[in-house]
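This report covers strand pairing, helix packing, domains and aromatic pairs in one protein model.

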Amino acid sequence: MSRMDDVDKIIAQWNRERPDLDVGPMALLGRLGRLRERLLREVEKVFSAYGLNSAGFDVLATLRRSGPPYSLSPGELMGQMMITSGTMTNRVDQLIKAGLVSRTQNPDDRRGMIISLTPTGFDLIEKAVAAHVANQHRLVASLSREEQDALNQLLKTYLARLDNADQ
């Protein structure tokens, strides 16, 4: 039996104070929330080492994984990153100031723009993504490969069911 953690203590308090409520889901969601916060802190440390935050990394990584010429329209970027146009504009503006991306007119659409990795941005994301992947391996290393696979499948199923319930 594992030792009691903070979530167990919270659940015990609610069970004592409100025995009429089934607070079981609170344990699962509480742990998922705490895990998310912990993982975000660990991921941000790596991004910070490269002068990035998660928002900037996300733009650079999306452009990099799009393949040559590492360019997308703002609409394509928004679609792949699932963010609003205002958020996208702010992120891109910051990366332009840092010399990591450029914004040029779309040769196929005179009204449209293209966002592209600069050579500096390409070099930075190559290093940052390698460090990010190594960090991800570190963060899951305490789980066996089988545990990682099982947890991944369970979370995938859970997320799909939540998504389907929203439709």
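## Sheet

Three strands form an open sheet in the order S1-S3-S2, with antiparallel pairing. S1 (71-72) and S2 are the edge strands, each with a single partner strand, so one side of each has no neighbour in the sheet. Strands are DSSP runs of E with at least two residues, helices are runs of H or I with at least four, and both are numbered from the N terminus. Two strands count as paired if DSSP finds at least two bridges between them.

S2 (residues 101-106) pairs with S3 (residues 109-117) in the antiparallel sense over 6 bridges. The two strands form a hairpin with 2 residues between them, and Asn106 has Asp109 in S3 as its bridge partner. S1 and S3 run antiparallel and are joined by 2 bridges; Leu72 stands opposite Ile115 in S3. Helix H5 (residues 85-97) packs on the sheet and touches S2 and S3, its direction making about 115° with that of S2.

## Basis of the model

The model is predicted: local features need pLDDT of at least 70 and side-chain atom pairs pLDDT 80 or more, while totals for chains, interfaces and linings use all residues. Residues are numbered from 1 along each chain as its sequence is written, and side-chain values use heavy atoms, with hydrogens and water left out.

## Helix packing

Helix H3 (residues 54-65) packs against helix H4 (residues 74-81) at an angle of about 105°, with the axes 10 Å apart. Axes are lines fitted to C-alpha atoms, for helices over the stretch in contact, and angles run from 0 to 180 degrees between N-to-C directions. H3 and H4 are therefore roughly perpendicular (65 to 115 degrees; under 35 is roughly parallel, over 145 roughly antiparallel, the rest oblique).

H3 contributes Asp58, Val59, Thr62, Leu63 and Arg65 to the contact, and H4 contributes Leu77, Gln80 and Met81; contact means heavy atoms within 4.5 Å. By class, the H3 contact with H4 has 4 nonpolar, 2 polar and 2 charged residues (nonpolar: Ala, Val, Leu, Ile, Met, Phe, Trp, Tyr, Cys and Pro; charged: Asp, Glu, Lys and Arg; polar: the others, Gly among them).

## Domains and aromatic pairs

The domain assignment, which is automatic or from a database, gives domain 1 (1-37) and domain 2 (51-166). Their C-alpha centres lie 34 Å apart.

The whole structure has 2 aromatic pairs, where rings of Phe, Tyr and Trp (its six-membered ring) pair if their centres lie within 6.5 Å, with planes under 30 degrees apart stacked, over 60 edge-to-face and the rest tilted. Phe47 and Phe57 have ring centres 4.2 Å apart and planes at 20°, so this pair is stacked. Phe47 lies in helix H2 (residues 24-49) and Phe57 in helix H3, 10 residues apart.
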